[in-house]
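Here's a quick briefing to read with the model open next to you.

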Amino acid sequence: MPSRLRRRKRSPWGITLLLLLILIALTYATIRVYFRAPDQKTDAPVMIQQVDNPSIPGDLTSEEAAALRSHYERKPSFYTILISGVDDGNGGSDTNILVAVDTENDYIYGVSIPRDTKASINGKNRKINFAYNSGGMELMAQTVSHQLGIPVDYTVLVNLRAFQALVDTIGGVDFYIPVDMNYDDPYQDLHIHFSKGMRHLNGSEALKVVRFRHNNDGTGYGSEDIGRMQTQQDFLKAVAKQTLTVSNLTKLDSFCKIFQQYVETDLTVGNLVWLGGEAIGMGAESISFCTLPGDWKSPYIYLNQEEVLTLVNQYLNPYVEDRLPEDMNILS
């Protein structure tokens, strides 16, 4: 197995997701809702339906269709959820994480998808975050599914201003800013000016820090998207740590109002409560995250097909059978 896949890093996104689900579960525990597991989806070709319905034309023999059906047999109680964050007003989703929830084997695994990942969108080569700009979460989910060869069961869209509201609700966050930040964008009326070092950030300041990519003169992280992703992760870790304090756990009503205002999802309340209960039962130690393996070559990040395939089959594959290289559509 490639060395990059051996390290299972605990991610603040995982902690934050778990906290969110717990808060939802606690809030709705006092009312009567229908708790139910989400439905599973499939991207199996329509051709396999001819075995059950001979009136459907097709070129496959019964044996070939049966083998194809086997290739798309779903694991029980395994779900894929695409979480996307929008925050910069340009229409793109700058944070995208595909989360696999395996409630039978008790693990949650998420993979961050860099915004500059090369993808085919509407027949043209684009950065993957353009999919949201062009077709919303539906096209974003289709693009991720097409690349990785697995279905996306559900989507969660988070306006990252939710974290601005969350930071203000918990009284601000102490955070170490990793680099000097000096950036101005008059078009967005965005002005980011912070010195490297520890600082107590309010919500507005925190949002600027996690949005920063580079300085006016081009300096900064040196690896823009990857550097910003690391800062976002470190910031969310600080938020999660402070949110868990006893004083802040009394603010459930405020947290849920933030969720209702800034989060859009096709999961039902019953689904969310069910998933929250499963996540609580698994415990935080069952949650791990990483980033899709690839290499930067301007203007794209090119995914490593062999390593991505290994990662998909180890953690993200909702099917009983392993995915094959021909199931994926990774651009070179």
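A residue counts as buried when its relative accessible area is under 20%. Thr 155 comes in at 13%, so it goes down as buried. Keep in mind that this is a predicted model.

**Thr 155 and its surroundings**
- You'll find Thr 155 in strand β6, which covers residues 154-159.
- Leaving out residues up to four places away in sequence, Thr 155 touches Leu 82, Met 137, Ala 141, Glu 264, Thr 265 and Asp 266.
- Thr 155 and Leu 98 are 57 residues apart along the chain, yet their C-alpha atoms are separated by 9.1 Å.

**How α4 and α5 pack**
- Two packed helices are described by the angle between their axes and the distance between the axes.
- Here the pair is α4 (residues 161-169) and α5 (residues 203-211), with axes that come within 8 Å and cross at roughly 140°.
- Angles over 145 degrees would count as roughly antiparallel, and α4 and α5 are therefore oblique to each other.
- The crossing of α4 past α5 is right-handed.
- On the α4 side, the contact is made by Arg 161, Gln 164, Val 167 and Asp 168. They meet Gly 203, Ser 204, Ala 206, Leu 207 and Arg 211 of α5.
- Sorted by class, that contact has 3 nonpolar, 3 polar and 3 charged residues.

**α5 on its own**
- Helix α5 is largely enclosed by the rest of the structure, because 7 of its 9 residues are buried.
- The buried set in α5 is Gly 203, Glu 205, Ala 206, Leu 207, Val 209, Val 210 and Arg 211.
- Asn 202 caps the N-terminal end of α5. A side-chain oxygen of Asn 202 sits 3.2 Å from the backbone nitrogen of Ser 204.

**Asn 317, a buried asparagine**
- Asn 317 is in the segment that comes after α9 (305-316).
- With a relative accessible area of 1%, Asn 317 is buried.
- What does the side chain of Asn 317 reach? It gets to the backbone oxygen of Glu 321, at 2.8 Å.
- Not counting residues up to four places away in sequence, the residues that Asn 317 touches are Lys 75, Phe 78, Ile 150, Val 312, Asp 322 and Arg 323.

Definitions and conventions: Residues are numbered from 1 along each chain as its sequence is written. This is a predicted model: local features need pLDDT of at least 70, side-chain atom pairs count only at pLDDT 80 or more; totals for chains, interfaces and linings use all residues. Side-chain values use heavy atoms; hydrogens and water are left out. Axes are lines fitted to C-alpha atoms, for helices over the stretch in contact, and angles run from 0 to 180 degrees between N-to-C directions. Helices (H or I, at least four residues) and strands (E, at least two) are DSSP runs, numbered from the N terminus. Angles under 35 degrees count as roughly parallel, over 145 as roughly antiparallel, 65 to 115 as roughly perpendicular and the rest as oblique. A crossing is left-handed if the near helix is turned anticlockwise from the far one by less than a right angle, and right-handed if clockwise. Contact means heavy atoms within 4.5 Å. Ala, Val, Leu, Ile, Met, Phe, Trp, Tyr, Cys and Pro count as nonpolar, Asp, Glu, Lys and Arg as charged, and the others, Gly among them, as polar. Buried means under 20% relative accessible area, exposed over 50%, partly exposed in between (1.4 Å probe, protein chains only). A polar contact is a pair of N or O atoms within 3.5 Å; within protein, one must be able to donate a hydrogen and the other to accept it, and residues adjacent in sequence count only if both atoms are side-chain atoms.
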